[in-house]
Amino acid sequence: MKKILSTTGTVTVCVILLIAIISTIACWNALGTLLKAGNYDDEDHMVETIMAKSATPGVAIVLSEQGETEYKVYGYADVNNHKMVTEDSLFELGSTTKAFTALAVILLADEGYLSYSDNVSDYIPWFEPTFKGEKVNITIHQLLAHTSGIPSWSIRLIPEGTTEDMLEKTILNISNIALDTYPGTEHTYATVNYDVLAMIIEQVTGDSYQDYVTENILVPLKMTDSYFSTGQEKESDKLTKGYRVFFGRSLEYDAPRYYGNIAAGYLVTNSKDLERWINAQMGIGDIPDHLWKAIQRSHQVDIKTAGYEDENQYYSFGWSIDTNNRVVSHSGSNPNYSSHVMIHLEKQQAIFVLANLNSSAPSLIANNLYENMNGNHMHKYNYADVYLLIDLVFSFLVIIAVAILCVQVIKLFRGIQLNIEEEKTRFKKMTGSRIALILSIMLLVLVMIWPYLLNYNYVMIGVWMSYSVYMSMGLTAINCILSIIINVKKIGIIRSSE
């Protein structure tokens with residue numbers, strides 16, 4: 001018996017070491033890049049370092065200062081086909097789309113079609129959210145400022161699909177939602193606020209949201225390459241491939257399409273068109289007078305109705321606005337794209353960064369470019385990227401789970417051997433097996449329900465997070481089931497020996 005146990009132990013150690021060695025070799029380059037110091041010498045080195053550390057395949061940047069524009073491009077639009085990013089390369093904007101939606105609302109208000117103080121129910125009668133069980137009204141201004149009380153987790157209620165009724169289905173899904181806070185009292189960022197605005201735009205104009213924004217904003221600003229990703233359009237050959245991170249590397253990822261969420265995150269554009277957009281924010285270029293007035297209004301903050309984010313920082317009209325420095329900014333994330341924009345209105349400095357991976361890279365790059373533009377030191381890279389950290393943690397858990405799985409399979413294959421000749425030993429083994437059985441059942445239940453404890457669901461994890469999360473969950477569940485089987489067998493063996 002001792003010989004069998006010794007052999008099993010040796011095999012177990014060898015299996016664990018083999019898995020560790022293979023995993024280390026597979027991830028060596030990615031781990032090495034992540035662990036290197038994040039210092040840089042110049043702007044190009046900074047961008048390349050952040051891209052490497054965040055596993056971002058491609059980045060496009062447009063810089064504007066006093067009307068002088070510069071394009072910068074890095075990496076791949078399509079890794080497999082070695083297609084490089086250019087200033088014509090198209091990216092999904094993510095939430096930086098919201099400023100376009102807010103501008104459309106301002107235009108309609110200026111034309112007298114709606115008022116910011118109007119209730120949503122004036123335009124969508126069946127929209128009846130509640131607070132503490134009572135029906136309440138949400139105003140257009142509260143949607144614009146994310147002070148509606150709609151919870152941030154409502155993003156998981158947005159249905160996947162590309163049919164023309166997806167916007168209505170999205171609003172139906174939240175029409176009777178229980179609000180986290182009373183409307184107008186607190187700022188809570190929830191992407192569906194802007195989907196509700198899109199439906200109001202459609203109700204008022206009789207046009208689709210994308211047609212109204214295209215005709216009244218994109219065309220006047222000559223943003224001719226830009227369009228909304230509805231899932232119905234023919235995909236442009238200029239569109240970059242989207243990616244997601246897995247084991248510290250980026251993998252091509254064709255994310256699900258959400259027609260019902262286009263007003264909050266699905267404008268597709270490039271550096272050339274964004275030059276016109278950011279310059280328009282500073283009054284540079286040929287801008288129709290009524291549009292320029294609406295743009296100026298989008299930068300104004302009414303403290304009574306704006307969403308309070310931090311000291312001197314308010315959310316209003318699709319922008320996060322620093323009232324002290326007169327800087328408007330916003331970040332954007334889609335499942336396989338991300339972006340960040342910063343505009344100093346008085347200095348006429350603007351930066352827009354696009355990436356074909358959902359990461360913090362655009363925000364880190366934009367902030368460093370802004371610091372460098374103003375004669376300050378660029379910040380060292382920090383590991384504040386939630387999605388990258390999730391991937392690293394769960395990738396590590398996958399490796400551990402695989403090692404444990406191998407050990408448990410070996411145990412079951414070789415048969416369970418117990419030395420239970422003494423009564424005292426028998427009692428300890430029985431107690432240990434029962435505790436292990438209970439803990440395995442509890443862990444299995446936790447693995448199955450933890451997404452819902454955090455107001456997520458399996459679909460949201462599958463769309464937004466690394467594949468390593470699902471792999472870790474699946475392997476852990478299998479390990480729990482095997483552990484339950486092993487401990488039930490142990491208990492049976494102990495009982496039969498009594």
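A salt bridge is a side-chain nitrogen of Lys or Arg within 4 Å of a carboxyl oxygen of Asp or Glu. Keep that in mind for the first stops. The model on your screen is predicted. A search of the whole structure finds eleven salt bridges. This tour visits some of them, then turns to the nonpolar cores.

**Stop 1: aspartate 44 and lysine 72**

Select aspartate 44 and lysine 72. Their side chains form a salt bridge, with N and O 3.5 Å apart. Aspartate 44 belongs to helix α3 (residues 43-54), while lysine 72 belongs to strand β2 (residues 68-78), so the bridge ties together parts that are 28 residues apart in sequence. Lysine 72 is buried, at 12%.

Salt bridges with shared partners join Glu43, Asp44, Glu70 and Lys72 into one network.

**Stop 2: lysine 238 and aspartate 225**

Select lysine 238 and aspartate 225. They form a salt bridge, and their closest N and O atoms are 3.9 Å apart. Both partners sit in loops: lysine 238 between β7 (227-228) and β8 (243-246), aspartate 225 between α8 (209-218) and β7, so this pair ties together parts that are 13 residues apart in sequence. Lysine 238 is partly exposed, with 35% relative accessibility. Aspartate 225 is also partly exposed, at 24%.

**Stop 3: aspartate 273 and arginine 276**

Move to helix α10 (residues 271-281) and select aspartate 273 and arginine 276. Their side chains meet in a salt bridge, 3.3 Å from N to O. The two residues are three apart in this helix, about one turn. Aspartate 273 is buried, at 1% relative accessibility. The cut-off for buried is under 20%, so aspartate 273 qualifies. Arginine 276 is partly exposed, at 37%.

**Stop 4: the largest nonpolar core**

Which residues touch the most other members of the largest nonpolar core? Select Ile200, Ile217 and Trp277: they do, in a core of 91 residues. Then select helix α4 (residues 98-110). This helix gives the core its largest share, ten residues.

Zoom in on isoleucine 200. Leaving out residues up to four places away in sequence, isoleucine 200 touches Leu114, Val120, Tyr123, Ile124, Ile140 and Leu143.

**Stop 5: another core**

Last, select Leu63, Tyr74, Met342 and Ala361. These are among the 26 residues of another core, which lies apart from the largest one.

Note on methods:
Residues are numbered from 1 along each chain as its sequence is written. This is a predicted model: local features need pLDDT of at least 70, side-chain atom pairs count only at pLDDT 80 or more; totals for chains, interfaces and linings use all residues. Side-chain values use heavy atoms; hydrogens and water are left out. Helices (H or I, at least four residues) and strands (E, at least two) are DSSP runs, numbered from the N terminus. Buried means under 20% relative accessible area, exposed over 50%, partly exposed in between (1.4 Å probe, protein chains only). A nonpolar core is a set of buried Ala, Val, Leu, Ile, Met, Phe, Trp, Tyr and Cys residues joined through side-chain atoms within 4.5 Å. Contact means heavy atoms within 4.5 Å.
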